[in-house]
Amino acid sequence: MSQERTAGAFSAGSPSPIDIPRNWTFEKAEIAAAFDRHVREQLPWYDLATGAIAHIARHYIPAGGLVYDIGASTGNIGRALSETLKDRRARLVAIEAAAEMVVRYDGPGEVMQADAMAFDFEPFDLGVCFLLLMFLPVSRRAAFIQKLRKRIKPGGALIVFDKCEAATGYPATVLWRLTLAGKVSAGVDPAEIVAKELSLGGVQRPITADIVGGDAIEWFRFGEFAGWLLEGVTADHGAAPG
């Protein structure tokens, strides 16, 4: 990146930094209030991935269906699905653990403050886990995915999108720089980028792709981030793998 572009990225029109806590939390009011802007600065492909999820989702939401947005934050996925939900009179339940996020929820359906891992899910047509698993305990992730898969109705699906463990060798450096370059290009203050990365230590741990199952279909990949589609039981193919 040229010096001219670097200087221009932090002009008067650049995003205002937020106060990054030592240990990252979604329970801080300032973070929750700035979340929708902050996540798009940190993840430049965020809206692209959201749109792709909305496209995939409409193929699995039937008339009168049930959709879970698991780890809903302020309602990004719900807003993206709002037209499909309305057209098909489908029900959306948003699950979010952080109280500060719940009070700022701005999406369709109902929002419930709950620990997703302890939540009693009804059989559903579509579940979406968008950037959730990396914040759950490592030892409980695989069991959580299996719990969700068992609640998918025949013909339904689960969409998982998350950060994966880094590649090894030189490709790991290349992919890390790809993500870093995106943040800088979005105009994020380098000091904020560093502070955010350090604050995530012990709070966010990337997943291993094996927890989604060998039959999961990968539909997105950008650096260390990936999205998968997991279908449920069908009358023709029997139960989903356990």
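Q: What covers the buried residues of α8?
A: Among the elements that cover them, through contacts (heavy atoms within 4.5 Å), are α2 and α7 (170-185). This is a predicted model, in which local features need pLDDT of at least 70 and side-chain atom pairs count only at pLDDT 80 or more, while totals for chains, interfaces and linings use all residues. Residues are numbered from 1 along each chain as its sequence is written, and side-chain values use heavy atoms, with hydrogens and water left out.

Q: Which residues of helix α8 are buried?
A: Buried means under 20% relative accessible area, exposed over 50%, and partly exposed in between (1.4 Å probe, protein chains only). In α8, which spans residues 190-199, the buried ones are E192, I193, K196 and S199, whereas A191 and L198, on the other side, are exposed.

Q: Why do the buried residues of α8 line one face of the helix?
A: An α-helix has 3.6 residues a turn, so residues three or four places apart point the same way. Seen down the axis of α8, the buried residues fall within an arc of 135°, taken from the directions from the helix axis to the C-beta atoms.

Q: Which residues touch the most other members of the largest nonpolar core?
A: A nonpolar core is a set of buried Ala, Val, Leu, Ile, Met, Phe, Trp, Tyr and Cys residues joined through side-chain atoms within 4.5 Å. In the largest one, of 35 residues, they are L81, L126, F130 and L131. The largest share of this core, six residues, comes from α3.

Conventions. Helix = DSSP H or I, 4+ residues; strand = E, 2+ residues; numbered from the N terminus.
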